[in-house]
Structures are given as C-alpha cells and as structure tokens.
Amino acid sequence: MRYSQYLLPTLKESPADAEIISHQLMTRTGMIRKVAAGIYSYMPFGLRSIRKVEQIVRDEMNRAGAIECLMPMANPAELWKESGRWEKYGKELLRFKDRKETEFCMGPTHEEVVTDIVRNTVNSYRQLPLNLYQIQTKFRDEIRPRFGLMRGREFIMKDAYSFDLEETDADTSYEKMYQAYRRIFERCGLKFSAVEADSGAIGGAFSHEFMVLAESGEDAIVSCGGCEYAANVEKAEVRVSAEAAAAPAQALAKVETPNQKSIEEVANFLKVPADKLVKTLIVQTDSDELVAVLLRGDRELNEIKLLNFLGCDWVVMAEEAEVVKATGAPTGFAGPVGLKLRIIADNEVRQMSDFVIGANEKDVHFTGANLERDFKVETFADLRQAVAGDPCPRCDGRLESWRGVEVGHVFKLGTKYSEAMGATVLDDQGHSRELIMGCYGIGIGRTVAASIEQNHDDNGIIWPMPIAPFQVLVVMLNPNDDAVRGAAESLYAELLELGVEVLLDDRDERPGAKFKDADLIGIPLRVTVGARGLKQEQVELKARAGDEIEMLALTEAAVRLRARVDAAL
C-alpha cells in the first residue's frame with residue numbers, strides 16, 4: 001500500500017474528549033473517527049488491526065471445536081422476557097418498536113437468541129457437545145460512554161456459547177475456551193492475566209476475566225506471587241485469621257466530635273488510627289430494605305460482594321433523609337448501638353475490640369465499643385475490597401495489586417437460560433434433560449485498544465507484530481531522487497512478493513515529518529531508503545520497539561525483513 005494513496009489522516013493533537021492513551025492515539029493515527037457518543041467508524045488503518053485480531057480469534061475458536069454462525073443485532077423482546085432479562089438488564093438495553101409496534105432490543109449479548117436456536121434444532125444428546133460462536137456488532141447504551149473503544153456503545157465482539165448434557169462435559173467445554181483464550185492473547189503479543197471474576201448481569205456459577213495489564217486499566221486486580229491465584233477486586237476473597245478479638249478493656253463512652261464526619265476527620269480528632277474505627281454504612285436494597293453494614297474504618301466496601309451476599313439485583317447507599325430517619329443522625333454519625341436495622345459486618349470486625357463507632361447522634365461518637373457486649377451482628381461475611389498486602393486466600397503468600405483492561409470473559413452459566421427457555425434434549429435413557437451452558441466473550445476493538453495501552457511511548461504506538469496494521473514501513477526520503485525512488489519501489493515490490501504487509505511512504509514530505517508519523521503509527525519495522533545509504537548499497541532498519549539502527553545490504557533487505565517478521569509472529 002502506498003501512503004500517498006492511502007487514507008491515513010494523522011493528527012498532531014489529541015481531541016479534547018480523549019482521556020486515555022489508546023483513545024488519543026487511535027484518533028491521532030486515523031484508526032477511528034467519532035460518529036456519535038460511544039459510536040465510531042473504523043478507518044482503514046484501524047480496521048486492518050481489527051481484522052487481524054478477528055482472524056486470530058477465529059483460528060483458535062475453530063481449533064477448539066467451536067462452530068461459527070451469525071445472529072441478528074435486533075432481538076425480539078419475547079425471547080428476553082422468557083429469560084427474565086427484559087426487566088432486569090436495565091437501561092443499557094436499547095429497546096425499540098418496529099412499524100407493527102412489536103418490541104425489540106439491540107443485542108448487547110446473545111444468550112437468548114442462541115438458546116432459542118438450540119432448543120429448536122438440537123434434540124438428542126448425540127448432537128452434543130456443541131459450541132456456537134459469532135463475531136458481530138453489539139450495542140449497549142452505556143450511561144457514560146468514554147475512553148474510545150474501551151467503553152463505547154457500539155462495539156465488535158466475539159461471543160461463543162457451549163451446550164452440554166453433563167457437568168463434567170460442561171467443565172471440559174469451559175476449560176477448552178479458557179485455554180483457547182490464553183492462546184489468543186498470547187498470539188496477539190499481549191501481557192495478560194486470567195483472573196477470577198464476578199458473573200454480573202450474565203449470571204452463572206463462576207467465571208474468569210482475561211486482563212491485559214496496563215497502568216491505565218479501568219479494573220483493579222490482585223494476584224499472589226506465591227501461587228497462581230488472581231482475581232478482580234470485585235471477586236477477590238479476603239482471608240481473615242482465626243485469631244479471636246481481645247477481651248474488652250474499655251467501657252463504652254460517648255465523646256463529642258463536632259463536625260467530624262469522615263473516618264480521617266474522626267481518627268485525627270480522637271488521635272487514634274483509622275483501623276481502630278468501625279464505620280456503619282446504611283444501604284438500601286432493591287426491596288427497599290435498609291441494611292447496616294459494618295467495616296473497619298480503613299477498609300472499602302465491595303458492593304459486588306454485598307450484592308451477592310444479600311441476593312439482590314442492586315444496592316445503593318441510602319439517601320440522607322433515610323439515614324436520618326433510621327439512625328436519628330446525619331450521615332457520618334451512624335453506629336450499631338441501639339440501631340433497629342438488620343446489621344451485617346465484614347469478617348474483620350469480628351476480631352476487633354475497644355473500637356470507635358458512630359453514636360447515632362449528630363457530632364457524637366462512642367469509644368470503647370465491643371461486639372456482643374454493646375451490640376449484636378446478625379451475620380459476618382467477606383464484604384470488603386481486597387488490597388495489596390492482604391494474605392492470599394489460597395496459600396501463605398501476600399497479594400499484589402495491578403491495573404488491567406478486561407478484554408475477555410468466560411462464564412459457566414449452568415442451566416439459567418436453558419431452564420427459563422425450555423432448552424432440553426433427550427439423554428441415552430430417553431429422559432428430557434436441560435442443557436448446561438457456558439458463554440465466552442472477547443471484545444475485538446477493546447483488545448486492539450488494550451494493546452495500545454500496553455504498547456506505546458511518548459511518540460506513539462508500538463505495535464506487536466501479530467496485530468500491527470502493517471508489518472514493515474518503507475520510508476522513501478526523497479521521492480524526487482530517481483535512485484532513491486527506484487530503490488524504494490524495488491524493495492517495496494520484493495516485500496510484497498514475499499508476502500510482507502508493507503506500507504510505502506512515498507509522500508513528498510520532509511524527512512522529519514515522515515519519521516514523526518512513523519513513530520506515531522508504530523509499524524514494527526521501519527526501513528529508510530536514502531541517498532546516503534544507497535552510496536554503500538544499503539538501507540537503514542530500525543525497530544519501533546528499540547533505538548538500535550542496523551544497516552542492511554539492499555540486495556538482502558527483503559529476505560532479511562521477511563525473516564524478522566516471521567520471527568516476531
């Protein structure tokens with residue numbers, strides 16, 4: 001491809017709404033162009049990388065025994081009502097009516113449609129196991145689309161769905177997808193981690209997220225250096241020692257704490273560490289019940305753990321008026337003593353004694369508070385956010401904290417959808433059995449964006465060879481010099497003949513501008529053809545990922561470059 005004939009509109013500055021590096025660089029390199037909030041056109045340079053990721057995904061899905069199909073974006077509401085998600089999914093589900101007033105939605109995921117396909121086409125255990133996948137556009141009406149392709153509303157996704165009769169077979173299907181995902185992200189040249197995760201709105205027994213490690217990642221993950229345990233902080237377990245709380249040594253006493261609401265303010269005012277405080281959070285569930293949640297003062301509530309523990313679809317912090325009504329005091333002064341609410345506490349609170357709590361009076365706290373003696377807790381559970389330094393729940397190691405970008409997610413769904421929608425087959429005894437399902441998603445555009453988050457410098461993108469839009473950039477320094485143009489054109493033709501994906505920069509631009517664009521677009525190998533080098537029958541090779549410059553004999557350059565490309569794939 002010739003640069004002069006290619007649509008590659010680079011920008012010197014990032015758009016004002018581009019907050020993270022991948023959004024900035026994908027816009028500056030002309031990979032994407034915004035059409036509406038969270039909706040983008042894939043420009044030629046970006047589409048080449050998208051297609052490469054798709055092909056790697058397709059290769060590994062086929063290798064794992066999955067079968068490709070294609071399902072519609074428009075899903076009839078009746079299928080979503082069968083599964084129960086029409087009401088539960090929330091406003092991210094874009095609903096609409098056709099001219100006959102029939103309700104539809106734009107599919108954000110396709111469990112309902114694929115289950116409908118299978119229940120109408122598969123009727124015997126002999127047709128199992130079955131795994132259907134597609135690479136298709138999805139739509140989720142995000143409340144705040146941002147970060148370019150990281151959190152858009154319209155996006156390209158690979159989603160697969162497995163169907164099995166027995167739990168052991170379902171586990172085998174899950175493991176096949178798990179290993180296929182590892183191969184996919186390894187082939188994309190990414191540093192990633194597979195972590196235990198919450199199943200969220202999809203539902204299911206257990207799941208893993210595949211995280212590309214990047215400092216700018218939206219998700220926090222923890223992992224243990226002593227074993228293979230890794231988890232999203234939403235899912236990460238916290239192990240608490242069996243050590244019992246010390247016996248009470250203080251009496252419960254009221255202290256004035258005027259205008260001291262936050263943990264930090266109260267701790268500083270009373271001259272005690274934050275870990276000697278217990279905060280009382282008043283939350284409201286989807287059934288309008290108010291619940292008091294106790295945590296050590298220096299800990300953060302894990303709302304996903306709380307939601308799962310309570311068995312709710314959602315929980316929110318109670319409004320100020322509700323807090324005052326339930327406790328008699330404004331937010332910041334709530335406490336468990338005398339509280340007429342259901343009280344649950346994080347496991348860590350069980351080991352505390354002589355701690356500080358709110359007194360359910362404005363500007364007042366209790367010191368010397370103790371469990372059982374001063375108040376009772378209905379139940380204890382793992383409710384806090386895991387942090388670096390926590391003991392590993394699997395071994396004697398300690399957890400480390402990372403940032404990551406979720407690019408893939410595998411779920412074991414069980415019979416959630418097959419039971420709701422009547423997807424059954426006859427077993428070898430002629431009995432009707434509900435199918436056991438799994439689902440497996442990869443964000444194609446997200447994978448490209450995550451690669452950029454992980455592979456860039458101050459000058460631009462540094463593409464891993466397997467998903468680079470082009471493999472080699474040939475820079476023609478002076479297109480008006482017949483010798484330079486002839487040598488560059490000859491090298492370009494040789495590379496094409498050898499099957500190398502090459503972009504020839506034949507523009508009549510200053511060398512500095514060409515080199516700046518070369519660094520920005522990040523093609524892995526840059527070959528410079530100039531008059532000085534040609535005097536020695538040589539061209540200059542520089543890898544985008546390093547600073548070393550190597551001179552290649554012009555007659556050997558194409559073959560040497562082919563070998564470099566092959567070695568990097």
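Contact is taken as heavy atoms within 4.5 Å; helices (H or I, at least four residues) and strands (E, at least two) are DSSP runs, numbered from the N terminus. The model is predicted, so local features need pLDDT of at least 70 and side-chain atom pairs count only at pLDDT 80 or more, while totals for chains, interfaces and linings use all residues. Residues are numbered from 1 along each chain as its sequence is written, and side-chain values use heavy atoms, with hydrogens and water left out.

The protein chain contains 15 helices and 31 strands. Its C-alpha trace spans about 95 × 70 × 50 Å along the principal axes. Of the 569 residues, 53% are buried, where buried denotes under 20% relative accessible area, exposed over 50%, and partly exposed the range in between (1.4 Å probe, protein chains only). Among contacts with a separation of 6 or more, 69% are between residues 24 or more positions apart.

An open sheet of three strands has antiparallel pairing and the order E13-E19-E18. Its edges are formed by strand E13 (253-256) and strand E18 (355-361); each has a single partner strand, so one side of each is left without a neighbour in the sheet. Here the twist averages 35° from one strand to the next. E18 and strand E19 (residues 364-369) are paired in the antiparallel sense through four bridges, with Phe 355 opposite Ala 369 in E19.

Gly 368 also belongs to strand E19. With a relative accessibility of 1%, Gly 368 counts as buried. When residues up to four places away in sequence are not counted, Gly 368 touches Gln 250, Ala 251, Leu 252, Asp 354, Phe 355, Arg 373 and Asp 374. The C-alpha atom of Gly 368 lies 9.8 Å from that of Lys 276, a residue 92 positions away along the chain.

Rolling a probe the size of a water molecule over the atoms shows where empty space is left. A cavity is a set of points, on a 1 Å grid over the protein atoms alone, where a 1.4 Å probe fits but cannot get out, and lining residues have an atom within 4 Å of a point. Grid points are joined across faces, edges and corners, and a volume is the space filled by probe spheres set on the points. By this rule there are two cavities of 30 Å³ or more.

The largest cavity holds about 50 Å³ of space. Its lining consists of Ile 20, Phe 147, Met 150, Ser 216, Glu 218, Asp 219, Gly 404, Val 405, Glu 406 and Arg 446. Strand E21 (residues 399-414) provides the largest share of that lining, three residues. By class, the lining comprises four nonpolar, two polar and four charged residues, where Ala, Val, Leu, Ile, Met, Phe, Trp, Tyr, Cys and Pro count as nonpolar, Asp, Glu, Lys and Arg as charged, and the others, Gly among them, as polar.

The second largest cavity contains about 40 Å³ of space and is lined by Leu 473, Ala 518, Asp 519, Ile 523, Arg 526, Lys 542, Ala 543 and Arg 544. Helix H13 (511-521) and E30 each supply at least two residues of this lining. Four nonpolar, no polar and four charged residues make up the lining of the second largest cavity.

Key:
Pairing = 2+ DSSP bridges. Axes fitted to C-alpha atoms, helices over the stretch in contact; angles between N-to-C directions. 1 Å grid on protein atoms, 1.4 Å probe; cavity = no way out; pocket = protein on both sides within 12 Å on 5 of 7 lines; lining within 4 Å.
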